[in-house]
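Reader: Please take me through the sheets, cores and aromatic contacts of this model. For each feature, begin with how to read it.

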Amino acid sequence: MVTETKTETDLKWYVVNTYSGYEQQARKQLIKQAASKGLEAGFGAPIDDAILVPTEDVEQMVSGKPRVTKRKFFPGYMLVQMRWSPAVATFVRGLPKVIGFVGARDKDPSREPRACSKAEMARLLGQITEGAEAPRRRLEVAEGDQIRVIDGPFQGFAGLVEEVFGDRERLRVSFEILGRPTPVELEFKQVELESGSQG
């Protein structure tokens, strides 16, 4: 059994690389194995809250009806709050479906990888909370699709998608205004696909 100094200041968040698609499986194994090996003291308490696979709720239209699904923020990664020690790090690295710590300079378990800063974690935990409270709207849209605006000053307008900025969840749409094509940038949540338009 590993003896750890139990102070909150020792706890830091680390990013652990897992096989993509096996994040939840790796998380469950870490929680189960830590308990069976008496290593729970090496992690934040309760341990369920110290091992995160960040997700958000995403709303998408399926057969014309909205459906909310979970989407991983960082496929292939989980966040682990722990007190760094070579023994605990070796334990984490040895779990099934775990590749290793992000930011590790080499395979030497005695060398601590870069931990997440408090500002990074505050921002990330805020995004997780926000994503759970207000599902993001996912829009399967492509250049050339016909859309209709459902919110904002152009509500009711129909237009043609010119460009999609998926990383910003925005798109540029061309409307006929006073007989001229006029490009306007809108958010995904402000539009819907016209029936029959392919995304």
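Author: What follows goes from the sheets to the cores and then to the rings.
Author: This is a predicted model, in which local features need pLDDT of at least 70, side-chain atom pairs count only at pLDDT 80 or more, and totals for chains, interfaces and linings use all residues. Residues are numbered from 1 along each chain as its sequence is written, and side-chain values use heavy atoms, with hydrogens and water left out.

Reader: How do I read a sheet, and what is the strand order in the open sheet of four strands?
Author: Helices (H or I, at least four residues) and strands (E, at least two) are DSSP runs, numbered from the N terminus. Two strands pair if DSSP finds at least two bridges between them. In a regular strand the side chains alternate between the two faces of the sheet. Here the order is β2-β5-β1-β6, with antiparallel pairing. The edges are β2 (51-52) and β6; each has a single partner strand, so one side of each is left without a neighbour in the sheet. Two bridges link β2 and β5 in the antiparallel sense, and Leu 52 stands opposite Leu 79 in β5.

Reader: Which strands does α1 touch?
Author: Contact means heavy atoms within 4.5 Å. Axes are lines fitted to C-alpha atoms, for helices over the stretch in contact, and angles run from 0 to 180 degrees between N-to-C directions. Helix α1 packs on the sheet and touches β1, β2, β5 and β6, its direction making about 20° with that of β5. Helix α3 lies across β1, β5 and β6 and runs at about 150° to β6.

Reader: Which residues of α3 are buried?
Author: Buried means under 20% relative accessible area, exposed over 50%, and partly exposed in between (1.4 Å probe, protein chains only). In α3 the buried residues are Val 88, Ala 89, Phe 91, Val 92 and Arg 93. The buried residues of this helix pack against β1, α1, β5 and β6.

Reader: And Thr 18: in which strand is it placed?
Author: Thr 18 is in strand β1. With a relative accessible area of 2%, Thr 18 is buried. Leaving out residues up to four places away in sequence, Thr 18 touches Glu 23, Ala 26, Gly 76, Tyr 77, Met 78, Lys 97, Val 98 and Ile 99.

Reader: Which members of the largest nonpolar core touch the most other members?
Author: In soluble globular proteins, nonpolar side chains tend to be buried together. A nonpolar core is a set of buried Ala, Val, Leu, Ile, Met, Phe, Trp, Tyr and Cys residues joined through side-chain atoms within 4.5 Å. The largest one has 23 residues, of which Leu 30, Phe 43, Ile 51, Met 78, Met 82 and Val 92 touch the most other members. At least two residues of this core come from each of β1 (11-18), α1 (23-36), α2 (47-50), β5 (77-83), α3 (86-93) and β6 (98-101). Val 92 touches Val 16, Leu 30, Phe 43, Met 82, Val 98 and Phe 101, not counting residues up to four places away in sequence. Apart from this core lies another, of 11 residues, among them Val 141, Ile 147, Val 184 and Val 191.

Reader: What is the order of the open sheet of five strands?
Author: The order is β11-β10-β9-β8-β12, and the pairing is antiparallel. β11 (180-187) and β12 (191-193) are the edges, each with a single partner strand, so one side of each is left without a neighbour in the sheet. On average, neighbouring strands of this sheet are turned by 40° against each other, direction ignored. Strand β8 (residues 146-149) pairs with β9 over three bridges in the antiparallel sense, and Arg 148 has Ala 158 in β9 as its bridge partner.

Reader: How many bridges join β9 to β10?
Author: Five bridges join β9 (residues 158-165) to β10 (residues 170-177), and these strands run antiparallel. Val 164 has Leu 171 as its bridge partner in β10, and Phe 165 has Arg 170. The hairpin has four residues between the strands, and Glu 169 takes a positive phi near 55° there.

Reader: How do I read the aromatic pairs, and how many does a search of the whole structure find?
Author: A pair of aromatic rings is described by the distance of the centres and the angle of the planes. Rings of Phe, Tyr and Trp (its six-membered ring) pair if their centres lie within 6.5 Å; planes under 30 degrees apart count as stacked, over 60 as edge-to-face and the rest as tilted. The search finds seven pairs. Phe 43 and Phe 91 form an edge-to-face pair, 6.4 Å centre to centre with 65° between the planes. Phe 43 lies in the loop between α1 and α2 and Phe 91 in helix α3, so the pair ties together parts that are 48 residues apart in sequence.
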